[in-house]
Amino acid sequence: MFARLMRHIVLLGLVLMSTSAWAELSPLPATDMVANDITPAIPFDLDALKRNWRARVNAVKATGQVPIIDIESSFNTGKLEIRRFAEGMDELGVALIAYSHDTKRGWSDAAGRVVAVDPWRFIPATIGGTENFAEDPEGFVALLRQHVVRDNYPLMAEHEFRHYPSPRQVKRGELHRDVSVPIDGPAGEALFALSEQTEGSFQIHYEIEDGLLPPLEKMLAKHPKAKVIWAHLAQIRYAEHSRIYGPAYVRKLIETYPNLYFDVAFGGPNSVYPISNERHARIWDQNASGAQIQKEWLEVINDHPWRFLAAMDMGGDRQSPDKLVEYVQNLRQFLNQLPEPTRSIVAYKAAWKLLFNEEL
Ligand SMILES: [Zn+2]
């Protein structure tokens with residue numbers, strides 16, 4: 001009787017232990033909000049942070065899930081419920097998120113405050129080049145250069161060289177975000193050169209159009225050591241502008257340019273770009289009944305898994321812990337179709353290797 005009771009108690013203890021381990025894989029932030037008066041963790045101590053981050057990847061693995069490193073999301077830091085968000089990441093197996101603070105003007109050290117509050121879950125990325133970049137591209141890159149070097153950022157966030165209005169902006173009637181900064185102009189030159197000098201990677205938003213491909217290739221050929229992450233693999237908003245890009249073309253790019261990467265932040269199979277009314281996430285097989293990746297895309301990813309990076313592309317107006325569930329489900333819907341070891345490489349190993357030049 002006593003032995004049975006003891007067994008029950010031990011079993012109960014194990015259940016409680018595993019539940020709490022599941023709910024909290026790393027220490028949770030002490031506060032719910034990232035206050036403005038927190039001293040940013042700048043310059044970043046990457047050696048110390050990497051020890052935390054590596055431990056976290058291993059902790060997610062120990063739950064049986066494939067860890068995710070999200071290479072591309074941006075946040076409104078003033079509105080982020082960081083503690084609840086951290087709990088959500090733990091539950092969903094999101095090891096790390098490259099954190100870019102969304103701001104339209106000047107510089108911001110908000111990512112440094114976030115890392116001070118939670119040095120376990122967020123990899124600091126610089127602020128993204130959105131309106132501020134479009135208005136003064138060269139000025140923006142000069143500011144970026146100062147901060148990347150001085151503050152020790154491991155990643156430069158997304159720069160919008162060519163950007164149509166996003167679906168959410170279309171909904172709100174904001175059609176002004178029709179951005180065009182020539183990638184082979186002075187700001188592009190400065191950005192590619194900065195990446196070469198610092199060996200840091202940067203992201204580009206660059207809509208897929210036939211006419212935009214030659215200038216990009218020109219820059220990739222001219223700056224073979226610049227590490228470029230082209231966001232939103234196979235997201236084509238207007239099929240009529242794009243006759244060249246497809247799995248064969250992406251394969252050719254990968255095999256020609258050694259430092260070109262792609263992130264997989266694209267919509268689900270039924271996601272429609274509202275202006276063209278087209279299903280813009282072209283990676284999906286539209287003839288299949290469920291969400292299925294086209295065979296040719298699967299082959300190129302499988303042949304070159306280190307060039308593809310998991311990404312959610314969360315944004316400041318969709319950063320609630322509830323939204324996180326939706327984003328992770330979408331991403332895993334894609335990742336789960338990749339065979340191992342490709343799945344683990346795309347989910348987290350490729351990002352670690354690109355950012356830190358070492359294998360996990
Ligand atoms: Zn983008």
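User: Is Asp151 buried or exposed?

Analyst: Burial is read from relative accessible area: buried means under 20%, exposed over 50%, and partly exposed in between (1.4 Å probe, protein chains only). Asp151 has a relative accessible area of 3%, so Asp151 is buried. Arg150, by contrast, is exposed at 52%.

User: What kind of model is this, and how are its residues numbered?

Analyst: This is a predicted model, in which local features need pLDDT of at least 70 and side-chain atom pairs count only at pLDDT 80 or more, while totals for chains, interfaces and linings use all residues. Residues are numbered from 1 along each chain as its sequence is written, and side-chain values use heavy atoms, with hydrogens and water left out.

User: What is the mean pLDDT of the protein chain?

Analyst: pLDDT is the predictor's confidence in each residue, from 0 to 100. The chain has a mean of 92, and 93% of its residues reach 70 or more. Over residues 9-22 pLDDT stays under 50, and the model has four contacts (heavy atoms within 4.5 Å) beyond four places in sequence for that stretch.

User: Which side chain meets Asp151 in a salt bridge?

Analyst: A salt bridge is a side-chain nitrogen of Lys or Arg within 4 Å of a carboxyl oxygen of Asp or Glu. Asp151 meets Arg150 in this way, at 3.4 Å from N to O. By this rule the count comes to 23 salt bridges.

User: How many residues does the largest nonpolar core have?

Analyst: A nonpolar core is a set of buried Ala, Val, Leu, Ile, Met, Phe, Trp, Tyr and Cys residues joined through side-chain atoms within 4.5 Å. The largest one has 107 residues, and those with the most contacts inside it include Trp230, Leu233 and Phe262. Helix α13 (residues 342-356) gives the most to this core, with ten residues. Leaving aside neighbours within four places in sequence, Leu233 is in contact with residues including Tyr245, Phe262, Ile283 and Trp297.

Definitions and conventions: Helix = DSSP H or I, 4+ residues; strand = E, 2+ residues; numbered from the N terminus.
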